[in-house]
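Here is a friendly walk through one protein model, meant to be read with the structure open beside you.

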Amino acid sequence: MNQERLGRLIRLMEERGIDQVLLSNDLDLFFYTGAYEPAMERLRVLLVDRQATCRYYANELFALDGKVICHKDGQELSALRDLASHLKPGGVVAVDGAWPSRFLLELLPLAPDCRFCPARELLSLPMCRKDKGELSLLRRASQINDLVVDELILSITSRSTELGLSQSIHALYDKHGSDGHSGGALVAFGANCASPHPQSRSVCPQPGDSILIDAGAPYQRYESDMTRTVFFRDVDRKLEQIYHVVLEANMAGIDAVRPGRRAQEVDQICRSVIEKSGYGPYFTHRTGHGIGLHLHEEPYISAASQTILEEGMVFSIEPGIYIPQLGGVRIEDLVAVTSSGVEVLNHLSKDLRVLE
């Protein structure tokens with residue numbers, strides 16, 4: 001058990017009046033225990049209280065080290081009864097959203113005097129600030145992503161398809177050391193780029209098309225995420241203008257990152273560049289999302305976020321403009337908050353690029 005990370009969780013439990021927490025998400029458990037074993041449909045849950053007492057319930061099929069309270073297939077109710085006997089009478093128990101409802105629904109009548117509540121914020125906040133080891137893994141994941149996306153762009157020809165590119169990227173991630181099967185790419189050509197989350201199709205690029213590639217894959221379980229937009233053989237004048245507006249917004253958002261600033265301020269600074277250009281209604285999503293073991297996690301860089309940025313937080317800056325029937329542009333980098341400002345984790349060129 002990682003005691004330093006566990007300490008962060010317990011301090012939050014004390015602040016919020018939470019007596020115990022139940023963790024079952026595969027990656028959250030890895031964060032605290034260092035062991036990764038997908039639960040699939042089986043019962044597996046970690047009970048933590050404010051005294052740092054941990055009880056880990058798991059099927060005996062899981063190869064887990066340390067003190068684990070094991071049960072066999074078919075003995076889940078017995079394990080839940082034991083779990084209920086260790087819940088604080090009248091206590092507040094936070095439950096993560098990944099635990100199957102069939103187990104929670106069986107537990108509820110076994111602990112009728114406990115009050116259960118969602119554990120989303122309780123579990124996400126300790127993961128916000130990355131330690132040195134986590135930052136190192138995120139840097140490496142982004143370095144690999146730079147190489148992979150560059151190779152994918154260089155492979156594009158008139159015979160390439162959105163779907164083919166999105167599938168071929170897995171081999172590139174494997175080649176460079178990421179977990180290619182866990183990663184992937186959104187690839188869109190032309191008018192399909194007008195959707196922030198397009199579905200890749202079996203179509204080829206046409207001269208003048210924008211080509212949007214949003215890609216990432218984990219390295220030792222830590223995620224990467226980057227978007228680049230290039231153009232095929234020519235560039236529409238309007239899309240060229242839009243590209244430079246989005247790039248300016250991306251750079252303004254990055255320059256705005258520093259400890260002590262609210263996430264919503266970064267969103268507004270980034271968004272204001274696009275609004276001043278007249279394209280405000282076409283920037284239809286938040287500026288960014290946190291990243292780590294989860295592809296999307298706290299902090300979220302949005303107009304509603306009151307999160308104050310702190311050293312060690314890692315998130316995306318990804319403004320975009322999407323014009324129906326024409327196309328779209330998004331430029332995304334991952335950044336880490338440092339003691340004095342910001343470190344950009346992606347280094348693939350953002351100069352306007354026209355493929356021949």
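## A strand in the interior

Strand β8 (residues 210-216) is largely enclosed by the rest of the structure, because 7 of its 7 residues are buried. Buried here means under 20% relative accessible area, with exposed over 50% and partly exposed in between (1.4 Å probe, protein chains only). Helices (H or I, at least four residues) and strands (E, at least two) are DSSP runs, numbered from the N terminus.

In a regular strand the side chains alternate between the two faces of the sheet. In β8, S210, L212, D214 and G216 point one way, while I211, I213 and A215 point the other way, and all are buried.

This is a predicted model, in which local features need pLDDT of at least 70 and side-chain atom pairs count only at pLDDT 80 or more, while totals for chains, interfaces and linings use all residues. Residues are numbered from 1 along each chain as its sequence is written, and side-chain values use heavy atoms, leaving out hydrogens and water.

## Partners of β8

Strand β7 (residues 184-189) runs antiparallel to β8 and is joined to it by 6 bridges; two strands pair if DSSP finds at least two bridges between them. Within this pairing, A185 has A215 of β8 as its bridge partner.

Strand β9 (residues 226-232) also pairs with β8 in the antiparallel sense, over 6 bridges. There, R228 of β9 stands opposite I213.

## Two buried residues

S166 lies in helix α7 (residues 162-176) and is buried, at a relative accessible area of 9%. Its side chain reaches the backbone oxygen of L163 at 2.8 Å. Leaving aside residues up to four places away in sequence, S166 touches A185, V187 and S200, where contact means heavy atoms within 4.5 Å.

R261 is found in the loop between α8 (237-255) and α9 (263-276). With a relative accessible area of 19%, R261 is buried. The side chain of R261 reaches the backbone oxygen of A256 at 2.9 Å.

## The largest pocket

The largest pocket has a volume of about 520 Å³. Of its 26 lining residues, L125, C128, R129, E310 and M313 are the closest to its centre. On a 1 Å grid over the protein atoms alone, a pocket is an open set of points where a 1.4 Å probe fits, with protein on both sides within 12 Å along at least five of seven lines; lining residues have an atom within 4 Å of a point. The volume is the space filled by probe spheres set on the points, which are joined across faces, edges and corners.

α1 gives the most to this lining, with 4 residues.

How values were computed. Polar contact = N/O pair within 3.5 Å; in protein donor to acceptor, adjacent residues only side chain to side chain.
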